[in-house]
Amino acid sequence: MKKLESNLPLILAGIGVLLLLGMIAQVVFTLPPRTLTMLTGRAGGAYYEGGLLYQDFAAQNGFTIDIVETAGSREALRMLEAGEGDVAFIQGGVAAEGDPTTVSGLATVGYEPVWIFYRRELAPTDPLTSPRQLAGLRIAIGETGSGTNPLARLLLEDYGITEEDATLLEVSSTDALAALRAGEADAAFFVLNALSPLLRETINDRSLELMSLADAEAITRRHRFLTQLSLPRGTVDLLDGVPRVDINLVAPSVNLVVRNDLHPDILRLLAFAAVEISSPGGFFAGRNVFPSTLNTDLPVSNEGETYL
């Protein structure tokens, strides 16, 4: 008994150390990671440029975002589900293929129109107005693994066009533009944000013409993940009249998709970044239209609903 009493201070000190270590461990293990991985498209594309904006916002708030390029939405979704990333921009329609037990939607953050360009020499007087008019031609439809590829195929199939009716070129957006200019492709599908540098380069190329979809409303009725948009004549360049006619477009929404096991503080960071970056609006959406938890392809996490 006397021995116990004499060692009591040491025992109490030991218990105190263990409690302190337990408290420290609890704090450490519940702290959010300071680094996360964002999956985007190719450098120079809209998703990559968007990733840079999120990266900058995170850095201002003490976090680091590592950007990993992918072939596009389908590859990014596969990598996200495999734990090879934490968050990704996923094209509407493609995001619906995600496994809701692994990934969730945080919000939609903008429109990403489908732009169909063709060589102007194909229709020098009356512009083309339907993908059906591309039958028998060489059409760039986006590389395998991108979101452009399945969407281009879907729209072409609506008009009865498959590999049997046209030559479908599975190439990246950059290579598609090069092929158009070189005369190695007659038309190309691009799914790009209105601020994409590649889009600006393409739409200002006088050897190319942007198709206005006469059936835009019908297409959006058939495929509810698409929205009809309009680009009035001269929107890009009033002086030179670019585009030279009013353009009807269809567009999926861009889904910001996250892993379900992402730390709540990281979700909050991404939600705040989405508000900061998307709420001012742009070419096709007014102020505060995005980010939105409506019409996401995947269920929105409880944290996403709360933070947004």
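A pocket is an open set of points on a 1 Å grid over the protein atoms alone, with protein on both sides within 12 Å along at least five of seven lines, and its lining residues have an atom within 4 Å of a point. A volume is the space filled by probe spheres set on the points, and grid points are joined across faces, edges and corners. The second largest pocket has a volume of about 430 Å³, while the largest pocket holds about 600 Å³ of space.

The model is predicted: local features need pLDDT of at least 70, side-chain atom pairs count only at pLDDT 80 or more, and totals for chains, interfaces and linings use all residues. Residues are numbered from 1 along each chain as its sequence is written, and side-chain values use heavy atoms, with hydrogens and water left out.

**Overall picture**

- The chain has nine helices and 11 strands; these are DSSP runs numbered from the N terminus, with helices (H or I) of at least four residues and strands (E) of at least two.
- Of its 308 residues, 47% count as buried, where buried means under 20% relative accessible area, exposed means over 50%, and partly exposed is in between (1.4 Å probe, protein chains only).
- Contact means heavy atoms within 4.5 Å; among contacts between residues at least 6 apart in sequence, 75% join residues at least 24 apart.

**Confidence**

- The predictor's confidence in each residue is its pLDDT, from 0 to 100; the chain averages 89, and 90% of the residues score at least 70.
- Over residues 23-29 the pLDDT is below 50, and this stretch has zero contacts in the model beyond near neighbours in sequence.

**Largest pocket**

- The lining consists of 26 residues, and Val109, Asn193, Leu195, Ile277 and Ser278 lie nearest the centre.
- At least two lining residues come from each of helix 2 (46-60), strand 4 (103-111) and helix 8 (264-278), and helix 2 gives the most, with six residues.
- By class, the lining has 17 nonpolar, seven polar and two charged residues.
- In this scheme Ala, Val, Leu, Ile, Met, Phe, Trp, Tyr, Cys and Pro count as nonpolar, Asp, Glu, Lys and Arg as charged, and the others, Gly among them, as polar.

**Second largest pocket**

- The second largest pocket, of about 430 Å³, is lined by 28 residues, and the closest to its centre are Gly41, Arg42, Gly45, Ser173 and Leu192.
- Helix 2, helix 5 (173-182) and helix 6 (197-203) are the elements that give two or more residues to this lining.
- The lining of the second largest pocket divides into 10 nonpolar, 14 polar and four charged residues.

**Aromatic pairs**

- The whole structure has six aromatic pairs; rings of Phe, Tyr and Trp (its six-membered ring) pair if their centres lie within 6.5 Å, and planes under 30 degrees apart count as stacked, over 60 as edge-to-face and the rest as tilted.
- The ring centres of tryptophan 115 and phenylalanine 284 are 6.2 Å apart and the planes are at 50°, so this pair is tilted.
- Tryptophan 115 belongs to strand 5 (residues 114-119) and phenylalanine 284 to the loop between helix 8 and helix 9 (302-307), so the pair ties together parts that are 169 residues apart in sequence.
- Tryptophan 115 is buried at 2% relative accessibility, and phenylalanine 284 is buried at 17%.
- Phenylalanine 284 also pairs with phenylalanine 283; the centres are 6.2 Å apart and the planes are at 55°, so this pair is tilted.
- Phenylalanine 283 is partly exposed, with a relative accessible area of 44%.
- Tyr47, Tyr54 and Phe89 form one aromatic cluster.

**Helix 4 and threonine 148**

- Helix 4 (residues 148-158) has buried residues, including Thr148, Pro150 and Leu155.
- Threonine 148 has a relative accessibility of 9% and therefore counts as buried.
- Leaving out residues up to four places away in sequence, threonine 148 touches Gln91, Ile141, Gly142, Phe189, Phe190 and Val191.
- Just after helix 4, glycine 160 takes a positive phi of about 75°.

**Valine 245**

- Valine 245 sits in the loop between strand 10 (226-231) and strand 11 (247-259), and counts as partly exposed at 33% relative accessibility.
- Valine 245 and proline 127 are 118 residues apart along the chain, and their C-alpha atoms are separated by 9.0 Å.

Methods
1 Å grid on protein atoms, 1.4 Å probe; cavity = no way out; pocket = protein on both sides within 12 Å on 5 of 7 lines; lining within 4 Å.
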